[in-house]
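Let's take a friendly tour of a protein fold. Have a look at the picture first, then read on.

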Amino acid sequence: MANYKILVVDDEEDLCEILKFNLEVEGYDVDTANSAEEALQMNLTNYNLLLLDVMMGEMNGFKMASLLRKNEKLKHIPIIFLTAKDTEDDKLMGFNIGADDYISKPFSIREVIARVKAVLRRIVDKEDPAILQFKKLYIDPVKKRAFIDNTELPLTKKEFEILSLLLSHPGQVFSREEILSKIWTDEVYVLDRTIDVNITRLRKKIGEYGKRIVTRLGYGYCFETA
């Protein structure tokens, strides 16, 4: 999730550099182009998202987006329009072309980053419906990776499996014996205390979400979402 490539297309060079810097701080790989014509000369199949200005030189952003939506190889690339054209008709035109979002200028960098994360998150959900999610906490059961936002969590195999088990059954209480039987399947003899140690470490590693792993005295553990 942290290695998405983004292309910023805007004829304001300073704005391109500001967006590039701040998005790279968030962990994205970012390139820039100062016109639609320049962008169309690039290998756009490399990108997971386009931030596209509407009001540019000879070819505006709407025209470029229309061309992309007609290209079989490029039509699925998400597009966020960046523009000072913020009338209802302009926004409707953008969405009718196939925009995934529309940000009016002037905007804050924090808003752009939040919108980018939201659009990319929808890509994750579409590409792999098996993704487990609670707010900004994500687990990819196939790739065996866990994230908060775009930051991968340094979980051990057992910690990952415990978190996957609890998050895939929100609210369900698992006894220590159940957790042992599901996760420590190959070990001949494991103490119940082993569960507690792993839960303690896991809570610390998932930060603010650690409090969601609740101890039910006498019963076991669950992941609470409410």
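Helices and strands here are DSSP runs, numbered from the N terminus: a helix has at least four residues and a strand at least two. One thing to keep in mind as you look around is that this is a predicted model.

## The sheet

Start with the strands. Strands of a sheet pair through backbone hydrogen bonds, either parallel or antiparallel. Here, five strands make an open sheet with parallel pairing, and their order is β2-β1-β3-β4-β5. The edges belong to β2 (29-33) and β5 (101-104); each has a single partner strand, so one side of each is left without a neighbour in the sheet. On average, neighbouring strands in this sheet are turned by 20° against each other, direction ignored.

Now zoom in on one pair. Strand β1 (residues 5-9) and strand β3 (residues 49-53) run parallel and are joined by four bridges. Which residue in β3 is the bridge partner of Val8? That's Leu51.

Next, find helix α7 (residues 176-183), whose buried residues are Ile179, Leu180 and Ile183. Looking down the axis of α7, you'd see these buried residues fall within an arc of 100°, so they line one face of the helix.

Most residues other than glycine have a negative phi, and most peptide bonds are trans.

The peptide bond leading from Lys105 to Pro106 is cis, and its omega is near -5°.

Then there are two lysines. Lys135 sits in the loop between β6 (132-134) and β7 (137-140), and has a positive phi of about 55° even though it isn't a glycine. Is Lys135 buried or exposed? Lys135 has a relative accessible area of 52%, and exposed means over 50%, so Lys135 counts as exposed.

Lys144 is in the loop between β7 and β8 (145-148). Phi of Lys144 is positive too, near 60°. With a relative accessible area of 57%, Lys144 is exposed.

Notes
Residues numbered from 1 in each chain as written. Predicted model: local features only at pLDDT ≥ 70, side-chain atom pairs only at ≥ 80, totals over all residues. Heavy atoms only, no water. Buried < 20%, exposed > 50% of the residue type's maximum accessible area, 1.4 Å probe, protein only. Arc of directions from axis to C-beta. Pairing = 2+ DSSP bridges. Axes fitted to C-alpha atoms, helices over the stretch in contact; angles between N-to-C directions.
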